[in-house]
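Please keep the sequence and the structure in view while reading.

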Amino acid sequence: MKTIFVSIKRFDGTNEWYQDYEVPYEKGKTIVWLLTKIREEQDVTLNFTVSCLHAICGACGVKINGSSYLTCSTTLDEVLETFKTDKLTFEPMANFKVIRDLVVEFDPKFERMKEVSPWLKPASHGSVETGFKQSETEFEKISSSSNCILCGLCTSECEQLAKNDGRYLDPFIFNKAYRFAADSRDADSTERIVASLEGELWKCVHCMKCTSVCPKEIDIAENIAFLRSGYNLK
Amino acid sequence: MEKQKGDKQMKYSFFPGCVLNDTASELMISTKKVAEVLGIELVEIDGWSCCGVSHTGDINPMMTHTINARNLALAEKMGANKVLTVCNTCTLMLRKTELKTKKNDKLRAEINASLESTGLEYKGTTQVTHLLWALIEDYGLENLKEKIKRPLNGLKVANYYGCHIIMPPKFTGFENWRNPQSMEKIVDLLGATSVDFEDRLSCCGYHAMSTSEKEGMRMIGQGAQTAKEAGADVIVTPCPLCQMQFDDHQHSANKQLSNGDNLIPVIHLPQLIGLALGITPEELGLKKHTIEVIPAIEKALK
């Protein structure tokens, strides 16, 4: 039977090292199956995060052979086919502080997301009590960007974040800024645009990695361009 | 494009893109020379304009679609089935308009309303491709192999894809964006050896050089450094924008990153192909680079 050779980047809070495991191949399994099998059968000290198993909670992002994936919605066969190898190297998502092994810290990101006011500020033509009417066209503007599950894959792939000194906002934060700036029920687009500008909006390099990796197929790079141009906003 | 595989008579409408007329004129020279030797007829689109790069989309996305629909409408007027480019970003911008309008009649109608005063109508009958893809899916690697006169044995090549030939896959779609292999297929066919290096799929930073120079320099510095560390003699790219970034800024990037004085030359894909076809370095514009190329590739020219 085919063997999958797995190398996982470990971190215990002080030291970093790569640890090797061997797992017998099974057809039709997910990546989270592979990691769970290692933890349950070979190494109880291995840390990774996973929750819903349905690409909804956004908890299970990792890097495999240098590319970012959700472990729950990615099959082992897909990864083996992509890299034409039976050797898989797992690393934590890039552009995050690592807590342990494959576990990264989201709190500083969510703290920075507050800069773009990621909540609805009701416009005067409606209210929390009376509600809003939204046309199909108005809804379409925010439909895709609202699907973000905050998994961080876009951050992990972001070329600007990898080289930036720390002021640049994460792609999912720009997406959140667009999502409210473009919402017909919201009172203020300008505030989100100004916050995005202060978050170095114009430093996006248009590499398209965020758009390519997004498991919800949100065109994040285009939403960043919309924030720059003001196009497609209210 | 019209082709008969037997005698390899192929014809494309050619969209050179701005930089081929000036800063990357060596790419124009080498593309035309390689096409001539391979028997590929390139007919330049009469009246084409800039694809807008990523920049017009940051100001007015509809304008970007309109100028590219105009470019494609001009190609349609020439009776073209396929438009060929040699620039990643031109490929992406043209294909974005091509594919977005295919699924969206309203968008096409809106664009055509803007084009009305020019007397042009974009019908969506052309397909945009890049030389790299055309050589594999239209010309065929077997046919290319037959044309090789000078195998580039011993030359170690770092394939630097550049972003817009692989991403986003919904507009590029030629191969798996997470692990493309088209460059390796061609480079290895030419007799050279592709080296694996960390920045094979990294961004060169070109599109934000005016707003993010510091980070752009870090991208260039790291890309060149990882290629050198992998033992490459030369970096090869299918994108003139990546080529310009590395050729123009590598010296400064090295200084800023304290990478030493060692520079690695960066050449265009048609230049590498041309060398294997037996074309002289002069005829491929290889002496027009900022970073000297010949000493690094000399061993493959013997």
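## The contact between the chains

Chain A contributes 21 residues to the contact, and chain B contributes 25 residues. On the side of chain A that touches chain B, four helices each supply at least two residues: H2 (76–83), H6 (159–163), H9 (209–213) and H10 (220–229). Sorted by class, this side of chain A has eight nonpolar, eight polar and five charged residues.

## Confidence in the model

The model is predicted, not determined by experiment. Its scores are ipTM 0.95 and pTM 0.95. For chain B, the mean pLDDT is 94, and 97% of the residues reach 70 or more.

## The overall form of chain B

Chain B contains 11 helices and nine strands. Its C-alpha atoms fill a box of roughly 55 × 50 × 30 Å along the principal axes. A compact globule of 302 residues would have a radius of gyration near 19 Å; chain B has 19 Å, so the value agrees with that expectation.

Of the 302 residues of chain B, 53% count as buried. Among the contacts in chain B with a separation of 6 or more, 79% come from residues 24 or more positions apart.

## Two domains in chain B

Chain B is divided into domain 1, covering residues 3–131, and domain 2, covering residues 141–301. The C-alpha centres of these two domains of chain B are 24 Å apart. In the contact between them, 28 residues of domain 1 of chain B meet 28 residues of domain 2 of chain B.

On the domain 1 side of this contact, helix H1 (25–38) and helix H3 (88–102) of chain B each supply at least two residues. The largest share of that side, 10 residues, belongs to H1(B). By class, the domain 1 side has 14 nonpolar, nine polar and five charged residues.

## A buried tyrosine in chain B

Where is B:Tyr122 placed? B:Tyr122 is found in the loop of chain B between helix H4 (105–115) and strand E5 (127–130). B:Tyr122 is classed as buried because 25 other C-beta atoms lie within 10 Å, and the cut-off for this class is 20 or more.

Leaving aside residues up to four places away in sequence, B:Tyr122 touches B:Ala69, B:Leu72, B:Ala73, B:Arg108, B:Ile111, B:Asn112 and B:Leu115. A further pair relates sequence to space: B:Tyr122 and B:Gln181 are separated by 59 residues in sequence and by 33 Å from C-alpha to C-alpha.

## A hairpin in chain A

Strand E3 (residues 61–64) of chain A runs antiparallel to E4(A), and four bridges join the two strands. Within this pair, A:Val62 stands opposite A:Tyr69 of E4(A). Two residues lie between the strands of the hairpin, and A:Asn65 takes a positive phi near 45° there.

In which directions do the residues of strand E4 of chain A point, and are they buried or exposed? In strand E4 (residues 67–70) of chain A, A:Ser67 and A:Tyr69 point one way, while A:Ser68 and A:Leu70 point the other way. All four of these residues are buried. In general, the side chains of a regular strand alternate between the two faces of the sheet.

How values were computed: Residues are numbered from 1 along each chain as its sequence is written. Chains are lettered from A and ligands numbered from 1 in the order in which they are written. This is a predicted model: local features need pLDDT of at least 70, side-chain atom pairs count only at pLDDT 80 or more; totals for chains, interfaces and linings use all residues. Two residues are in contact if their C-beta atoms, placed from the backbone, lie within 7 Å. Ala, Val, Leu, Ile, Met, Phe, Trp, Tyr, Cys and Pro count as nonpolar, Asp, Glu, Lys and Arg as charged, and the others, Gly among them, as polar. pLDDT is the predictor's confidence in each residue, from 0 to 100. Domain bounds come from an automatic or database domain assignment. A residue is buried if 20 or more other C-beta atoms lie within 10 Å of its own, exposed if 12 or fewer, and partly exposed in between; C-beta atoms are placed from the backbone. Two strands pair if DSSP finds at least two bridges between them. The radius of gyration is taken over C-alpha atoms; the globule rule is 2.2 Å times the number of residues to the power 0.38.
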